[in-house]
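Work through the two exercises below with the structure open, and compare each step with the solution that is given.

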Amino acid sequence: MDTTLPSGEREHPRPTRLLKRGERLLEPDVYLTHLRGRPAVIKDYGRYRRTPLSPFARLLVRREARVLRRLRGWRHAPALLGTFGLALGIEFVPGVPLGEAALETGSAVFQQLRGAVAALHAAGITHNDLHPANVLVCGTTPVLIDFASALRTPRWLRRLPPVRELRRSDMANVLKMQQRLTGEPPSPREAALLARPRWVRSVRSFWQRHYRRLKA
Ligand SMILES: Nc1ncnc2c1ncn2[C@@H]1O[C@H](COP(=O)(O)OP(=O)(O)OP(=O)(O)O)[C@@H](O)[C@H]1O
Ligand SMILES: [Mg+2]
């Protein structure tokens, strides 16, 4: 489905509330507005228009739109409402960030969250940026947002170690959040499954050693 907004709606909608100002490199301004009569969130990279970074901003918009399009109808991701230039219109999720959700709903939310991330992986997608601000909780339903770093992998590449590592890292982030927010530690089986493989530990320590030297 082509979700590029029709020409009459390509102008940036008027912001009703700024949710987050993009401050770091290639971070969008995120604001609340109305699109076609529904509350919507706009991720706007407009400040990069006519700059050398504009193609990268466009790529981020396209990538996130492509993943959201792929997840259309899934209750753990918001619907894509459209793209216009360097901005993305997304269904507003009326939830609270995971870090602020009531602790008594914690277990139920995390059970669903683990299932949602497993389903995402089964569809060949890794999120790659799972932290409490990127999971909104509506009632007891977790909704994943911010697919800017997500990666879709064709079926024939899914068993490669780097891709398995991305899946492991997504799930490890879920278990870390669970432990931090509910106090529930992972079971020994989960902990073993989620331990960093040796090759990842070696690459990390190599990188850290050299990065420290570079900084010095
Ligand atoms: N669909 C949505 N519904 C409700 N709130 C949202 C939605 N999308 C984003 N937000 C709010 O805006 C904040 C920033 O959005 P998001 O996480 O997508 O951008 P970001 O982290 O700045 O972007 P990026 O990682 O792509 O640079 C979220 O933490 C959340 O509070
Ligand atoms: Mg985010």
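This is a predicted model: local features need pLDDT of at least 70, side-chain atom pairs count only at pLDDT 80 or more; totals for chains, interfaces and linings use all residues.

Residues are numbered from 1 along each chain as its sequence is written, chains are lettered from A and ligands numbered from 1 in the order in which they are written, and side-chain values use heavy atoms, with hydrogens and water left out.

**Exercise 1.** Determine which residues surround ligand 1 and where its polar contacts lie.

Step 1. With a residue taken as near when one of its heavy atoms lies within 4 Å, 19 residues surround ligand 1, and the closest are Lys20, Lys43, Glu91, Val93 and Asp146.

Step 2. Counting N or O pairs within 3.5 Å as polar contacts, one finds a polar side-chain atom of Lys43 at 2.9 Å from an oxygen atom of ligand 1, while a polar backbone atom of Val93 is 2.8 Å from a nitrogen atom of the ligand.

Step 3. Domain 1 (7-91) and domain 2 (96-215), whose bounds come from an automatic or database domain assignment, both give residues to the shell around ligand 1, so the ligand lies between them.

**Exercise 2.** Locate Asp146 and describe its phi.

Step 1. Asp146 lies in the loop between β9 (141-144) and β10 (151-152), the strands being DSSP runs of E with at least two residues, numbered from the N terminus.

Step 2. Although Asp146 is not a glycine, its phi is positive, at about 65°.

Notes:
A polar contact is a pair of N or O atoms within 3.5 Å; within protein, one must be able to donate a hydrogen and the other to accept it, and residues adjacent in sequence count only if both atoms are side-chain atoms. Helices (H or I, at least four residues) and strands (E, at least two) are DSSP runs, numbered from the N terminus.
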